[in-house]
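User: I would like to learn how to read a protein model step by step. Please take me through one.

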Amino acid sequence: VRCIAESPTRASPQANMLTFTLSALALSTGARPVARRGAVRGSVVMNAPMVRQTGKNSMDMAALSNYMNLPMPADTLQAEYVFIDGSNKARSKCRTLSNKQAASIESLPNWTYDGSSTGQAPGKDSEVIMKPVAMYLDPFRPNGKNILVLCDTYDGLGNALPTNPRAAAAKLFEEHAEQVPWFGIEQEYTLFNLDMSTPLGWPNNGYPLPQGPYYCGAGADRMFGRAISDAHYAACRYAGLTISGTNAEVMPGQWEYQVGPCVGIAGADQLWMSRYILDRVAEDFNVYVTLHPKPIKTGDWNGAGCHINFSTKKMRAPGGLAEIIATCEKMGPKHIEHIAIYGEDNEARLTGNHETCSINEFKYGVADRGASIRIPRDTNTEGCGYLEDRRPASNVEPYAATAKIMDTCVN
């Protein structure tokens, strides 16, 4: 954290106040103001851990609970409106609603936010309209009434923003509702210290032991971040999400959870809300979460994906394996189209190593984790079931991806 001020040309009350403020900050945090080579002129860099520099250590959760446990009016609740910004991240703002307003999705009011601050609108016409599309219980204000409200976004003329692929995806799923598409989405993520360069459990400026003991492991020498995984799991269950499991992944500090099976648009809705909840949980633990598909680019380390399991009513019915294979055959000629929307920097992950197929190749196979599409062994044995698209990156936009899979299947 830098406290920056122009160097005063002479002594002034403002300069004295700045000196006093910096001294008080140093005393309150136990930090020692030090000059850092190359720092901005007039800046002071505190030589202390980020947790202390930011004042996080003074944000006592026990003190917060004194306020969160206060009795609240019975006729109102808090609604956290969650939306997707211009950089594919979930943000939110909170408001008070009456019980009547929050009785259903249809009765929830629209709201607005400043799109010029989220990369979605110019300052001269900055209002973005949030339209509620799904609601869940709020695990961060757990009184049984407060809610999380997922919204999609529109301009003042009622047009879906370019950063809102949900509108088109919802229309597609409505047009093919008879297919009853199920999605199960496997979200991998990596936990970092707040320096944003050291994965949780890794030595500073070094590497841990090679991959092998970390996947689904147990023990303090190999499991880093289990508390976050467990807290996230509990929060998602409380919220009412269809979270179906979790596990530690191959790279230390990397985890996965699964959402689904969900029908149609609900799969991407729930994935987005689960990502928001993950960021909020990590915030409480003072840990940084990244969805980058290849967070460690050097060395023998796995990337992070977001595999999408998919089936239709025909695929799940007896003899559905033929429909699954037919869909795989349709995906081959459209491989480049799928890759284009399956996440940024995915080429660093899809190398043909670390349980991936090369980004330049398409293939499918039974129980093959080196294929683009895996057909589970049980599905092959029973003659019906589902397929797993292993190509999407961990940062994939799920509305666009699930809609593309659906479109390729039916068209």
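User: Between which helix and which strand does the loop with glutamate 355 lie?

Analyst: This is a predicted model. Glutamate 355 lies in the loop between helix 9 (335-340) and strand 14 (364-366). Its phi is near 60 degrees, a positive value in a residue other than glycine.

User: Is glutamate 355 buried, exposed or partly exposed?

Analyst: Burial is read from relative accessible area: under 20% is buried, over 50% is exposed, and partly exposed is in between. Glutamate 355 has 39% relative accessibility, so it counts as partly exposed.

User: Where is alanine 367, and what is its phi?

Analyst: Alanine 367 sits in the loop between strand 14 and strand 15 (373-375). Its phi is near 55 degrees, again positive in a residue other than glycine. At 29% relative accessibility, alanine 367 is counted as partly exposed.

User: How many helices and strands are there in the protein?

Analyst: The protein has eleven helices and 16 strands. Of its 411 residues, 46% are buried.

User: How do I read the sides of a helix? Which residues of helix 5 are buried?

Analyst: An α-helix has 3.6 residues a turn, so residues three or four places apart point the same way. In helix 5, the buried residues are Ile228, Ser229, His232, Ala235, Cys236 and Ala239. They cover an arc of only 135 degrees around the axis and are therefore on the same side of helix 5.

User: How many residues of helix 11 are buried?

Analyst: Ten of the 13 residues of helix 11 are buried, so the helix is largely enclosed by the rest of the structure. Among the buried ones are Tyr399, Lys404, Ile405, Met406 and Cys409. At the start of helix 11, a side-chain oxygen of glutamate 397 comes to within 2.8 Å of the backbone nitrogen of tyrosine 399.

User: How do I read strand pairing? Which strands pair with strand 9, and in what sense?

Analyst: Pairing is read from the bridges that link two strands. Strand 9 is joined to strand 13 (residues 306-311) by six bridges, and the two run antiparallel. Here glycine 184 has asparagine 309 as its bridge partner in strand 13. Strand 9 also pairs with strand 11 in the antiparallel sense, over eight bridges, and glutamine 187 stands opposite tyrosine 257 there. With strand 12 (residues 288-290) there are three bridges, also in the antiparallel sense; phenylalanine 192 is opposite tyrosine 288. Ten of the eleven residues of strand 9 are buried.

User: Where is the cis peptide bond?

Analyst: It joins glycine 260 and proline 261, with omega about 5 degrees. Proline 261 is in strand 11.

User: How many residues are in the largest nonpolar core, and which have the most contacts inside it?

Analyst: That core has 62 residues, and those with the most contacts inside it are Leu150, Leu191, Met273, Ile277 and Phe310. Helix 6 (residues 266-285) gives the most to this core, with nine residues. Another core, of 15 residues, lies apart from it and includes Ala79 and Tyr81.

User: Which residues are in contact with phenylalanine 310, leaving aside its neighbours within four places in sequence?

Analyst: They include Pro181, Trp182 and Phe183, as well as Ile405, Met406 and Cys409.

Conventions:
Residues are numbered from 1 along each chain as its sequence is written. This is a predicted model: local features need pLDDT of at least 70, side-chain atom pairs count only at pLDDT 80 or more; totals for chains, interfaces and linings use all residues. Side-chain values use heavy atoms; hydrogens and water are left out. Buried means under 20% relative accessible area, exposed over 50%, partly exposed in between (1.4 Å probe, protein chains only). Helices (H or I, at least four residues) and strands (E, at least two) are DSSP runs, numbered from the N terminus. A polar contact is a pair of N or O atoms within 3.5 Å; within protein, one must be able to donate a hydrogen and the other to accept it, and residues adjacent in sequence count only if both atoms are side-chain atoms. A nonpolar core is a set of buried Ala, Val, Leu, Ile, Met, Phe, Trp, Tyr and Cys residues joined through side-chain atoms within 4.5 Å. Contact means heavy atoms within 4.5 Å. The arc is that of the directions from the helix axis to the C-beta atoms.
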